[in-house]
Amino acid sequence: LSKARFKVERVDSEPEQIRLRSVHWDGELMYVPAIDFPHSDDATGQHRRQVLVSKVLPANADTLSKARFKVELVDGDFEQIRLRSVHFNDQFVYTPDINFDDERRQLLVYKKAGGEDLKNKSKFHIEWVERPLQAAPID
């Protein structure tokens, strides 16, 4: 579970945007590069983008831009969210029915508008490792 822990960092100039830094990997940034993800049902990768963690620290301006996400609450629940890529026009981060191997799934961004199936696959549950004493209000 230690590799699944991320620290939330607010983007200084944009209070409604966040970045996610890996706790296990010394602050490496989760980001959405312009790398298509081809698959058997989409040979050219026109529908999906990969989500990666950048090992390069400090991050350059391009990676910092592609590491910006908006958080969308699911039905007003503060512990269930969707992430949208700011750099790529609010495209959803989601977990498709595509296996990386027998034990892991891919994490991707869907490039096109999606329906309920995509919204269901875009839900993530927040598990607080250390719950903050008081959450700062978001304006």
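This briefing covers the nonpolar cores and the salt bridges of the structure above. The model is predicted: local features need pLDDT of at least 70, side-chain atom pairs count only at pLDDT 80 or more, and totals for chains, interfaces and linings use all residues. Residues are numbered from 1 along each chain as its sequence is written, and side-chain values use heavy atoms, without hydrogens or water.

**Nonpolar cores**
- A nonpolar core is a set of buried Ala, Val, Leu, Ile, Met, Phe, Trp, Tyr and Cys residues joined through side-chain atoms within 4.5 Å.
- Buried means under 20% relative accessible area, exposed over 50%, and partly exposed in between (1.4 Å probe, protein chains only).
- The largest core has 11 residues, including Ile18, Met30, Val51, Phe69 and Phe88.
- Strand 2 (14-22) and strand 7 (77-85) each give two or more residues to this core; strands (E, at least two residues) and helices (H or I, at least four) are DSSP runs, numbered from the N terminus.
- Another core, of 7 residues, lies apart from it, with Phe37 and Tyr94 among them.

**Salt bridges**
- The structure holds 12 salt bridges, each a side-chain nitrogen of Lys or Arg within 4 Å of a carboxyl oxygen of Asp or Glu.
- Asp62 pairs with Lys66, the closest N and O atoms being 3.1 Å apart.
- Asp62 and Lys66 sit 4 residues apart in helix 1 (residues 61-66), so about one helical turn separates them.
- Asp62 is partly exposed at 42%, whereas Lys66 is buried at 11%.
- Arg84 bridges to Glu72, with closest N and O atoms 2.8 Å apart.
- Arg84 is in strand 7 and Glu72 in strand 6, so this pair ties together parts 12 residues apart in sequence.
- Shared partners join Glu9, Arg19 and Arg21 into one salt-bridge network.
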